[in-house]
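Please open the structure in your viewer and keep the selection panel at hand. The stops below say what to select next and what is there.

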Amino acid sequence: MTHPLRIAQVAPPFERVPPRAYGGTERIVHGLVTELDRRGHQVTTFASGDSVVPGRHIETVPEALRPLGYSGDSLPYMQLTLHEILARATEFDLIHSHLEWASLLLARVSPVPVVTTFHGRLDLPWADALLRDPPAGLVAISQNQANTHPDVPWAAVVHNGLRLTEAPFGHRRTDALCFVGRVAPEKGIVEAIDIAVAAGRPLRLAAKAGPTSVERDYFENVFRPALKAAGSDVEFLGELDQADRDQLFAQSYASLMPGSWPEPFGLVLIESLACGTPVIARRIGALPEILRDGIDGFFGDDVTEMAFKVDRVVDLDRRAIRESVLDRFSVERMTDRYEAVYAASLEASKGDGSVRQRGAGDDGQDEPELLAERRSDRMGALSRR
């Protein structure tokens, strides 16, 4: 960017920024906010009140909801977040929303350009309808994610990046495997147990157990019996914070990712590789964009094949694995790509006349009548869709 921008970063209200433990989207938001602030941009973060971010912080809820045990309807809290950002939208040159599907509404009614990053899966029943005639500025976090809707004019595919240089490396390793994720069938936590048992290696599980009735039922009636049957060689550690999670990766022989759902990215993968710990995974979702088979780890199609691949990890260069991922998935590289998206969005807004461009000495405040007219025009267009 040739000059600093006034940027709003909008995080969901369910985890703090950065998260104390679980929370992939919020880790990305924190890394992006921190790097944009370091580069001189004026960043305002809309997030839960217990968030800790550089720059300006506007509270959307007093505390992050998920750690409080909230598992109810998310819609009212997403609406509150939208109200907060729209009330201040004209204070910014650009809004970057991480609110998933609620971002589409924000982009349609905002008086300033909105960049939307989707962090979750897009192969959902309502997705085609919501992405019909989409607003500008949509970003996918992997090519695989974008390919689920090939007709969408994606502004960019921006791989996630983290500040990985502080990830521990060179620690004494055990012969144990590890699994980091959620206690959920799609994440493959029971399959991870089966792989470890078949490979004859200990396994340590660092996983979040969800609060919903479906998640609790799976925990009690599927996961817990599998854990008990595996015996003392499989240890359940619960949900770990980032420092403890990094230590787990650094001490492990390899990480397991046998999930069956189409990972839109997979932060656990780059966290493990940053510690020099190879990953054995199912070839699904975006993982083939990140994991180089036979270099960073191995793909397997089922429990038997993944268990067979465990002993082949000994031939991999752990230092080379770390160096590559630090280069390919750094927060600096991610921020470079988003700055390019911001510049393109602002340039496009000049052409369509949707945003008044500020001249030198402009205080950035639009006339109330103009703002009301602009918002009315956008809401009218939305109601006609």
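Begin by selecting D133, which is found in the loop between helix 4 (127–130) and strand 6 (138–140), where helices (H or I, at least four residues) and strands (E, at least two) are DSSP runs numbered from the N terminus. The phi of D133 is near 55 degrees, a positive value in a residue other than glycine. This is a predicted model, in which local features need pLDDT of at least 70 and side-chain atom pairs count only at pLDDT 80 or more, while totals for chains, interfaces and linings use all residues. Residues are numbered from 1 along each chain as its sequence is written, and side-chain values use heavy atoms, with hydrogens and water left out.

Two further loop positions can be selected in turn. E100 is placed in the loop between strand 4 (94–97) and helix 3 (102–109), and E100 has a positive phi of about 55 degrees although it is not a glycine. P18 belongs to the loop between strand 1 and helix 1, and the peptide bond that leads from V17 to P18 is cis, with omega near -5 degrees.

Strand 1 (residues 6–10) pairs with strand 2 in the parallel sense over five bridges, two strands being counted as paired if DSSP finds at least two bridges between them. Within this arrangement V10 stands opposite F46 in strand 2. Together with helix 1 (residues 24–38), strand 1 and strand 2 make a right-handed β-α-β unit; right-handed here says that, with the strands pointing away from the viewer, the path from the first strand over the helix to the second runs clockwise.

Now select strand 2 (residues 42–47), of which five of the six residues are buried, buried being under 20% relative accessible area, exposed over 50% and partly exposed in between (1.4 Å probe, protein chains only). Strand 2 runs parallel to strand 3 (residues 56–59), and four bridges join them, with R56 in strand 3 as the bridge partner of T44. Is T45 buried or exposed? At 0% relative accessibility, T45 counts as buried. Leaving aside neighbours within four places in sequence, T45 is in contact (heavy atoms within 4.5 Å) with Q9, V33, V53, R56, H57 and I58.

Next, display the open sheet, in which six strands are arranged in the order 10-9-8-11-12-13 with parallel pairing. Strand 10 and strand 13 (297–299) stand at the edges, each with a single partner strand, so one side of each is left without a neighbour in the sheet. The twist averages 20 degrees from one strand to the next.

Helix 6 (residues 189–199) is the next selection, with I189, V190, A192, I193, I195, A196 and A199 as its buried residues. The elements that cover these residues include strand 8 (177–182), strand 9 (203–208), helix 7 (213–230), strand 10 (234–238), strand 11 (254–257) and helix 11 (303–309). V197 also lies in helix 6, but V197 is exposed, with a relative accessible area of 52%. G200, whose phi is positive and near 70 degrees, follows helix 6.

The contact is made by I189, V190, I193 and V197 of helix 6 and by Y218, V222, F223, A226, L227 and A230 of helix 7.

Finally, select helix 9 (residues 267–274) and helix 12 (residues 318–328), whose axes come within 7 Å and cross at roughly 130 degrees. Helix 9 and helix 12 are therefore oblique to each other. I270, L273 and A274 in helix 9 meet I321, R322, V325 and L326 in helix 12.

Technical notes. Axes are lines fitted to C-alpha atoms, for helices over the stretch in contact, and angles run from 0 to 180 degrees between N-to-C directions. Angles under 35 degrees count as roughly parallel, over 145 as roughly antiparallel, 65 to 115 as roughly perpendicular and the rest as oblique.
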